[in-house]
Amino acid sequence: MIKAYTTVKQFIKTEKRDWLENGKQRYAASALILMFFIFSFVGWLWEVLLHVYYDGMIVNRGMLFGPWLPIYGFGGTFVVCFLRRFSSSPRKVFFLTMLMAGIMEFVTGSVLWHVYQMRWWDYRDSLINIKGFVCLEGLLLFGTGGVLFLYFAAPKLNSLIIRIPRTLRIALCAILVLLFLADFAFSVFHPNIGFGVTMPR
């Protein structure tokens with residue numbers, strides 16, 4: 001029994017050391033660009049599936065028209081770029097991600113409201129919120145996501161991305177960036193709005 005306990009304890013200690021080391025990884029620019037689009041797509045898919053669950057219909061979430069929500073992409077890449085210096089403390093990563101996500105959501109939501117007089121998300125029904133742009137539940141979710149991004153998702157994605165031939169990887173980055181910029185330029189003047197997307201109040 002003591003031997004089994006010691007084995008399990010050693011396994012947990014080794015696993016913890018390994019994923020703490022994962023948090024210190026550096027990433028090539030091409031890997032970060034592709035991660036930005038992966039995180040953006042996963043965030044978009046998450047919100048689309050939420051609307052399928054709650055409203056029973058597919059809604060193209062976000063101000064843009066492509067299958068991406070850049071706030072998730074920027075959030076994820078900012079975490080792996082700027083918070084890895086705190087990777088020895090998952091607790092710090094969690095709270096710093098909450099802070100960073102809160103600032104991003106509040107600034108982005110405020111700017112969109114000022115420019116378009118519409119909300120692309122609305123937390124005013126949440127118990128603890130700031131002007132409906134930031135809420136405690138969302139921040140807790142983003143904090144958890146930041147920890148998962150830094151220690152698990154980013155290292156795994158990087159190991160897959162670096163297997164792509166360099167020329168193909170750069171071409172893929174260029175194509176995605178051009179499509180994204182075209183979508184952004186169009187959406188600034190003709191944003192994606194409507195039921196399940198915006199709240200004009």
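This is a predicted model: local features need pLDDT of at least 70, side-chain atom pairs count only at pLDDT 80 or more; totals for chains, interfaces and linings use all residues.
Visitor: Let's start inside. How many residues does the largest nonpolar core have, and which of them have the most contacts inside it?

Guide: A core of this kind is a set of buried nonpolar residues joined through their side chains. Here the largest one has 42 residues, and Tyr27, Met35 and Trp120 have the most contacts within it.

Visitor: Which helices and strands supply at least two residues of this core?

Guide: The contributors at that level are α2 (29–55), α3 (70–82), α4 (90–116), β2 (134–135), α5 (136–161) and α6 (166–189). Helix α4 gives the most, with 8 residues.

Visitor: Now the charges. How many salt bridges are there?

Guide: Look for a Lys or Arg side-chain nitrogen within 4 Å of an Asp or Glu carboxyl oxygen. By that rule there are 2. One joins the side chains of glutamate 47 and arginine 61, at 2.9 Å from N to O. Since glutamate 47 belongs to helix α2 and arginine 61 to the loop between α2 and α3, this pair ties together parts 14 residues apart in sequence.

Visitor: Are glutamate 47 and arginine 61 buried or exposed?

Guide: Both glutamate 47 and arginine 61 are buried. The other bridge is between arginine 124 and aspartate 122, at 2.8 Å from N to O. There, arginine 124 is partly exposed at 33% relative accessibility, and aspartate 122 is also partly exposed, at 23%.

Visitor: What is the nearest side chain of opposite charge to arginine 119, and how far away is it?

Guide: That side chain is aspartate 122, 4.2 Å away. Because a salt bridge has to fall within 4 Å, the pair is not counted, and arginine 119 is buried without a salt bridge. Arginine 119 sits in the loop between α4 and β1 (129–130), and its side chain reaches the backbone oxygen of lysine 131 at 2.9 Å.

How values were computed. Residues are numbered from 1 along each chain as its sequence is written. Side-chain values use heavy atoms; hydrogens and water are left out. A nonpolar core is a set of buried Ala, Val, Leu, Ile, Met, Phe, Trp, Tyr and Cys residues joined through side-chain atoms within 4.5 Å. Buried means under 20% relative accessible area, exposed over 50%, partly exposed in between (1.4 Å probe, protein chains only). Helices (H or I, at least four residues) and strands (E, at least two) are DSSP runs, numbered from the N terminus. Lys and Arg count as positive and Asp and Glu as negative; His and the chain ends are not counted. A polar contact is a pair of N or O atoms within 3.5 Å; within protein, one must be able to donate a hydrogen and the other to accept it, and residues adjacent in sequence count only if both atoms are side-chain atoms.
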